[in-house]
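Have the viewer open and follow along.

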Amino acid sequence: MAEWIKEAIFYHIYPLGFCGAPRENSKDLIVENRISRVIEWIPHLKNLGVNAIYFGPVFESSRHGYDTMDYYQIDRRLGSHLDFKEVCNQLHAAGIKVVLDGVFNHVGRDFWAFKDLQAKREQSLYKDWFVNINFDGNSPYNDGFYYEGWEGHFDLVKLNLTHPEVIRHIFGAVKSWIEEFQINGLRLDVAYCMDQEFLGKLVAFCLEQDQEFWLMGEMIHGEYSRIARSGLLHSATNYECYKGIYSSHNDKNYFEINYSLNRLFGQGGIYKDLLLYNFIDNHDVNRITSSLKKKEHLTNVYTLLFTMPGIPSIYYGSEWGILGDKANGGDEVLRPCLNLKELLQEDQNIVEHIRGLARIRKNSEVICNGLYEQVLVKNEQLVFARVYHNKRVFVVLNLAEQEVTLYFKVGQESKLKDLLHDEKYYTPIGGNVGINMPPFSSTVLEGNYS
């Protein structure tokens, strides 16, 4: 696995929304350089502590990016190959890795090979590129033949990932991305329903190009080891903890997230050796501020995101607590075009909190590599430790509306330093310590050994 991923802090951008691109694509649209807007955000990303960026789809598509038209062309609504190459060059120069969305399970109806199938039917050279083609049937679009759409969505045509020519076509595109844009990894859309043999071949191919290449797959439910294990992908999206983090705060029940963290990453955790991709919102789910009943819980939520085992990811704009509820506008409301200058005039408290957490994470091999160990669990308070080579970092959280004093065992540490508040130190007595925690607060304590 890539060494850089152990210290990665991701920023997730959905480019078509972020850049304010037209909702519909057309060959009649002129190529317009919108993707360069990312460059003006680089100082903010560096200030935030980000060292990796995950771009949603950037290749030619009909509408939302996941309905690919051409894997070899940058979406004209975003710009040209040279425009995107310059963005990648600027990011790399700033020390920021680049991961792209690999949408290989399906394509859009405007994909060039599917258009050939529509025109030539049985005579098409590409009729075997797609799943369950039946010329005696029909589709909801009245094509005069049946094909399989992804999960019943017939605007998304399933590719036959066992077909040698399909594999060659996709691998050729990936190689061109690595060579032209120097990308450092891929996030694989709907990896949970993709052919595992294909995934294994893709991993092997990418590692032949770059031994430090990293591949992560979307896994919404079920066991992550289906797609992320030796010989397959390096990581998966951690939807279990995504849900557990916000619902623990809404229900005033830290037992929920503690159970998940212990089950996944504790001493006997089923994924204790797997670095999962952690997030609290993304392009498909409500913004975290819209999911929380109390905005005051945002700081604790980000503390959990940055100190739990795995790889933290920030969804663009959520560091300012912006709202976005699917029930009030579908996916579009989750994927806005934002004005950085205006956002920098907003309250920066969450931004500063994230900066502090990023600094702590980058300087702590314990947080980057350690196991999870529960220390104290109550409905409204949680203390856990990250443990690595007999060293511990303690994370203390209070979601209550009132101050509490928490007493817990810390072991042999002679002194504890508050990493979020540099001037604070705590001296344990008899291996125990008492911490006064204000309402809606969290902190991170590093032990010094005598």
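Two rings of Phe, Tyr or Trp (its six-membered ring) count as a pair if their centres lie within 6.5 Å, and the pair is stacked with planes under 30 degrees apart, edge-to-face over 60 and tilted for the rest. By that rule, the structure holds 38 aromatic pairs. One of them is Trp4 with Phe10, a tilted pair at 6.4 Å centre to centre and 55° between the planes. A word on ground rules: this is a predicted model, where local features need pLDDT of at least 70, side-chain atom pairs count only at pLDDT 80 or more, and totals for chains, interfaces and linings use all residues. Residues are numbered from 1 along each chain as its sequence is written, and side-chain values use heavy atoms, with hydrogens and water left out.

**Rings**

Strands (E, at least two residues) and helices (H or I, at least four) are DSSP runs numbered from the N terminus. Phe394 is buried at 1% relative accessibility, and Phe408 is buried at 4%. Tyr407 is also found in strand 17, but Tyr407 counts as exposed at 62% relative accessibility.

Ring pairs also build a cluster, whose members include Phe59, Tyr71, Trp112 and Phe205.

Two charged side chains lie over ring faces, meaning that NZ of Lys or CZ of Arg is within 6 Å of the ring centre and within 35 degrees of the ring normal:

| Charged residue | Ring | Distance from ring centre |
|---|---|---|
| Arg287 | Tyr316 | 5.1 Å |
| Lys415 | Tyr425 | 5.6 Å |

**Strands**

Two strands pair if DSSP finds at least two bridges between them. Eight strands form an open sheet with parallel pairing, in the order 11-10-9-5-2-1-13-12. At its edges are strand 11 (235–236) and strand 12 (277–279), each pairing on one side only. Within the sheet, strand 1 (residues 10–13) and strand 2 (residues 52–55) are joined in the parallel sense over four bridges, and Ile13 has Phe55 in strand 2 as its bridge partner.

Elsewhere, strand 15 (residues 381–388) runs antiparallel to strand 16, with eight bridges between them. Val387 stands opposite Arg392 of strand 16. The two strands form a hairpin with two residues between them, and His389 in the turn has a positive phi of about 50°. Six of the eight residues of strand 16 are buried, so strand 16 is largely enclosed by the rest of the structure.

**Helices**

Helix 7 (residues 239–250) packs against helix 8 (residues 254–265) at an angle of about 155°, with their axes 7 Å apart. Those axes are lines fitted to C-alpha atoms over the stretch in contact, and the angles run from 0 to 180 degrees between N-to-C directions. That makes the two helices roughly antiparallel, a label for angles over 145 degrees, with under 35 being roughly parallel, 65 to 115 roughly perpendicular and the rest oblique.

Technical notes
Buried means under 20% relative accessible area, exposed over 50%, partly exposed in between (1.4 Å probe, protein chains only).
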